[in-house]
Amino acid sequence: MAQQTTTDVIDVLTTDHREALDLLDRIARSTNPTEKRDLADTVIAEVVRHAIAEEMYVYPAMRDHLPKGDEEVEHDVEEHKELEETMKQLEAVDASEARFDDLVRKMTEQLRHHAHDEESEQFPKLRTHLPHEELVEMREKVETAKKLAPTRPHPNAPHTELFHKLVGPGVGLVDRLRDRLTHRND
Ligand SMILES: [Fe+2]
Ligand SMILES: [Fe+2]
């Protein structure tokens, strides 16, 4: 195959994984609770946006184009749920407590596993089964979705394309409003 020069959705999602893991590494090495809290809030917001963009645009493509696509999606949904449960706990724990560090380690393991699965299994399959132009178009949709997506984990919300398209942007607005009122992410 010819070398592709236009950034596609796989490049963006892979970069997201790397950046989130880098943030988690910075948290693990920090000894300043305020810095740890700020970095944790940032990584949580980034991973929530990433997961929702995948659920909105990458899952439908996996279902449509990959052999056993439905099974691949179900597996990823489970991993997203586990990650969101960890993030919900991490959001609520004080950064000076030992439990905070435990949760950061747990989230790191879960995210590493998630990234490895996608980067070694689903992403290469998407590149095999979809034309490059479609993956470029999907990148644009994913980038837009990430701007509208919630910044807080909602582990009990359905992990479906339809839910996000109907309810997701509204949930995102509520979160951003709450962020502004409490001066988080300022
Ligand atoms: Fe995923
Ligand atoms: Fe991912």
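In the protein chain, 77% of the contacts with a separation of 6 or more are between residues 24 or more positions apart; contact means heavy atoms within 4.5 Å. This is a predicted model, where local features need pLDDT of at least 70 and side-chain atom pairs count only at pLDDT 80 or more, while totals for chains, interfaces and linings use all residues. Residues are numbered from 1 along each chain as its sequence is written, chains are lettered from A and ligands numbered from 1 in the order in which they are written, and side-chain values use heavy atoms, with hydrogens and water left out.

The secondary structure comes to seven helices and zero strands, in the pattern α-α-α-α-α-α-α along the sequence. Helices (H or I, at least four residues) and strands (E, at least two) are DSSP runs, numbered from the N terminus. Of the 186 residues of the protein chain, 47% count as buried. For accessibility, buried is under 20% relative accessible area, exposed is over 50%, and partly exposed is in between, with a 1.4 Å probe and protein chains only.

Now the packing, starting with H1 and H2. Their axes are 9 Å apart and the angle is about 160°. Axes here are lines fitted to C-alpha atoms, for helices over the stretch in contact, and angles run from 0 to 180 degrees between N-to-C directions. H1 and H2 are therefore roughly antiparallel; the classes are under 35 degrees for roughly parallel, over 145 for roughly antiparallel, 65 to 115 for roughly perpendicular, and oblique for the rest. The crossing of H1 and H2 is left-handed, that is, the near helix is turned anticlockwise from the far one by less than a right angle, clockwise being right-handed. On the H1 side the contact includes Val9, Leu13, Ala20 and Ile27, and on the H2 side it includes Leu39, Val43, Val47 and Val58. By class, the contact of H1 with H2 has 11 nonpolar, three polar and four charged residues. Ala, Val, Leu, Ile, Met, Phe, Trp, Tyr, Cys and Pro count as nonpolar, Asp, Glu, Lys and Arg as charged, and the others, Gly among them, as polar.

Next, H2 and H3. These axes come within 11 Å and cross at roughly 165°, so H2 and H3 are also classed as roughly antiparallel. Their crossing is left-handed. Among the residues in contact are Ile44, Val48, Tyr59 and Arg63 of H2, and Glu72, Val77, Met87 and Glu91 of H3. The contact of H2 with H3 divides into 11 nonpolar, two polar and nine charged residues.

Glu91 belongs to helix H3, residues 69-92. Is Glu91 buried or exposed? Glu91 is buried, at a relative accessible area of 14%.

By class, the contact of H2 with H4 has 11 nonpolar, five polar and five charged residues.

Last, the charged pairs. Side chains of opposite charge can pair when their charged atoms come close. A salt bridge is a side-chain nitrogen of Lys or Arg within 4 Å of a carboxyl oxygen of Asp or Glu, and the structure holds 17 of them. One is Asp8 with Arg127, whose closest N and O atoms are 2.9 Å apart. Asp8 lies in the segment before helix H1 (9-29) and Arg127 in helix H4 (residues 98-129), so the pair ties together parts that are 119 residues apart in sequence. Asp8 is buried at 2% relative accessibility, whereas Arg127 is partly exposed at 37%.

Another salt bridge joins Asp102 and Arg105, at 2.8 Å from N to O. The two are three residues apart in helix H4, about one helical turn. Asp102 is partly exposed, with a relative accessible area of 42%.

Arg139 and Glu140 also form a salt bridge, at 3.8 Å from N to O. Arg139 is buried at 16% and Glu140 is partly exposed at 42%. Elsewhere, salt bridges that share partners join Asp8, Asp11 and Arg127 into one network.
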